[in-house]
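Dear colleague,

I am handing over the structure we spoke about, and I would be grateful if you looked it over before reading my notes.

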Amino acid sequence: MNARILLVDDDTALLDALPEALRLRMNGIQIDTSETAVDALERIKQTDYDAIVSDVKMPGMDGLALLHEIRELRPSTPTLMITGHGERELAVQALRGGAYDFVQKPIDRDYFIASLERAIQRRVLVRQVEEQRLALERHARVLEHVDDGVFLVDDEGVIRHWNPAAEAITGIGSPEALGRRVEETLPGWEAVAPLIPVASVPRPGSVEAKVVPLEFDGRELWLSISGVTFSDGVVYAFRSLTEERALEELKGEFIATVSHELRTPLAAIYGSAQTLLREDIELDESGQKRLLDVIAQESERLSRIADDILFANKLDSGQFVLGEKRIDLLALAREVVDQMRACFASRDDISIDLEVPATIDSLVGDSDKLRQVLINLIDNAVKYSPDGGRIDVAVEARDGGVRISIRDEGIGIAPLEQRRIFGKFYRVDPALTRGVGGTGLGLYICRELVRRMEGRLSVRSEEGKGSTFIVELPVQAAGDSDRGAAVAQTA
Ligand SMILES: Nc1ncnc2c1ncn2[C@@H]1O[C@H](COP(=O)(O)OP(=O)(O)OP(=O)(O)O)[C@@H](O)[C@H]1O
Ligand SMILES: [Mg+2]
C-alpha cells in the first residue's frame, strides 16, 4: 500500500511506537508525525494525506478543533480520532464533527489497522473518481472545440454527450439530443448503424470512417462517421460531406450534360460534312446550302456552349468586371426583340411582342451584358414553348427602378423547381421539358449578371400555363449622372 498518513499526538512514546507497528503490518506505508495540532495543520496544508490519525485530547489546539480545520481544508481526507478509554461523549462528538472513525486507548492494533486500511482505501477510491471526473471534464472541454461532431451513446442506446460541432452540423441542439434514444434523434439510424465501423482501441486510423446518409428535418446529410467503444458505450465522431458530395454530383451531371450538349451539334456537323463529302450523292445548290447552314448554325451553338462555360467560370472566379455606361433601355429592348424575332423566324407558331412606355429613366450599366440577359430569357421563353404561343416582353418604370418582364405561354415550371433553375448547370428533367436541350447555364449567368447590376431576377410560373421572368434594375440616382457620363467617356 503506497499510502501516506499523518499521525498527531502529544504522547511522544506513542509517536515512536505506533509508526513502527504500522510499518510492519502495512507494507510501503509512509508515516509523518506531529506533536501538536498547529504543526499538523502546517503539514496538512503542504501534503494531501491519504488519512490522518489524531488524538482528541492535546494541549493547545485539541483534536476536535483540528478535525474542524481538516474538514475545511481537506474535506475528502478521512480522519481517525483516538479517544481515551470510556470517553464515549468525545467519540460521538468526533463522529459528528466528521471523523471517519474513532479508536479508544489502549489501542486495539488489529481494529486500528483494519479501520485505517479502510479509510485509505476509501480515500484512494475517492481520488480515482475525482481524477476520472476531471479527465472527463477535460475531454468534454476538448470536445467543445473540435470541428468534428462527437456524440456518445451509452449501452442503453441513449445519447449522453453531444458536442457543439454535432449541433452545428445536424442542426439538432444538445437539449433535444441528450437523454434521448439515438434512433429518435437521428431518423434512419437503425439502418445505418450496422454499417458504421466501430473500433475497440481509439487509435488514429484504426478504423476507416464510413460515409452514410442521414435525414435531418427533411434534409439529407452525408456523414463520414466512425466509432470507438469504451466501457459504457460508443463514442461516434463524424464530419459532414454533404457539400463535397453535392459538388461531386453536380460535376458528374455537368459532364453528362455538356457531353450530351456537345455531341448533338457535333453529330449534326459531322453528318452534314460527311454528306457533302460523299461522291456518290449529287447535291444541288440548295441541298449543299442547307447542309452548310446546318454546319454554320451548329458550330455557332458549339461555340456558344463553350463561351457560356468560360463565362460562368469567369463570374465565379471574380475575374469579371461590368462595364458602366449609360444605357438606352428602350432602344436596347427594341433591338433585342427584333434580333430574336429574326432568329426564330422559322417558328411561325411563336410571336414576340414588345411593350414599352414612351420614355424611361436611363440606366447606367453594361449594355452588352444586359442584352445577353434579355437574349437568354427570350431564348428560354421560345425554347420552352414547344407548342408555340405568345411571348410578351414589357419594359416599365417601377419603384425608382425599371422592370423588364418576359412572359411566355410555354410548359411552365413546377414550384419546387423555381428556385433551383437559377443554379449553375441546373436543368429540369428533360422528360418534363420535352427533350429541349441546353447546358443549364443560361439562368445562372442571367441571375449573376443582374445581381452584379444591383438588380434582381425572379420568376413566376404555373406548370402548363407559362412563365414570367422579371428583371428589376435600379435607375441611376440623379447625383450620379456625372459619374455615369465620365465612365462612359473613359470606357
Ligand atoms: N421560360 C421557361 N419556361 C419553362 N422552363 C424554363 C424556362 N426558362 C428556363 N426553364 C427551365 O430552367 C432550366 C434552366 O434554364 P437555363 O436557361 O439556365 O438552362 P437551359 O436553357 O437548359 O440551358 P442554356 O444554358 O442553354 O440556357 C431549363 O432547363 C428549363 O427546364
Ligand atoms: Mg436557357
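Predicted model: local features only at pLDDT ≥ 70, side-chain atom pairs only at ≥ 80, totals over all residues.

Residues are numbered from 1 along each chain as its sequence is written, and chains are lettered from A and ligands numbered from 1 in the order in which they are written.

The protein has 16 helices and 18 strands (DSSP runs numbered from the N terminus, H or I of at least four residues for helices, E of at least two for strands). Its radius of gyration is 42 Å, well over the 23 Å that the globule rule gives for 491 residues, so the protein is more spread out than a compact globule (the radius is taken over C-alpha atoms, and the rule is 2.2 Å times the number of residues to the power 0.38). The C-alpha trace spans about 130 × 65 × 40 Å along its principal axes.

Helix H12 (residues 329-343) packs against helix H13 (residues 367-383) at an angle of about 40°, their axes being 10 Å apart (axes are lines fitted to C-alpha atoms over the stretch in contact, with angles from 0 to 180 degrees between N-to-C directions).

Around ligand 1 there are 22 residues, of which Tyr384, Val428, Gly438, Gly442 and Leu443 come nearest (a residue is near if its C-beta atom, placed from the backbone, lies within 6 Å). H13 and helix H15 (442-452) each give two or more residues to this shell, and H15 gives the most, with 3 residues.

Best regards
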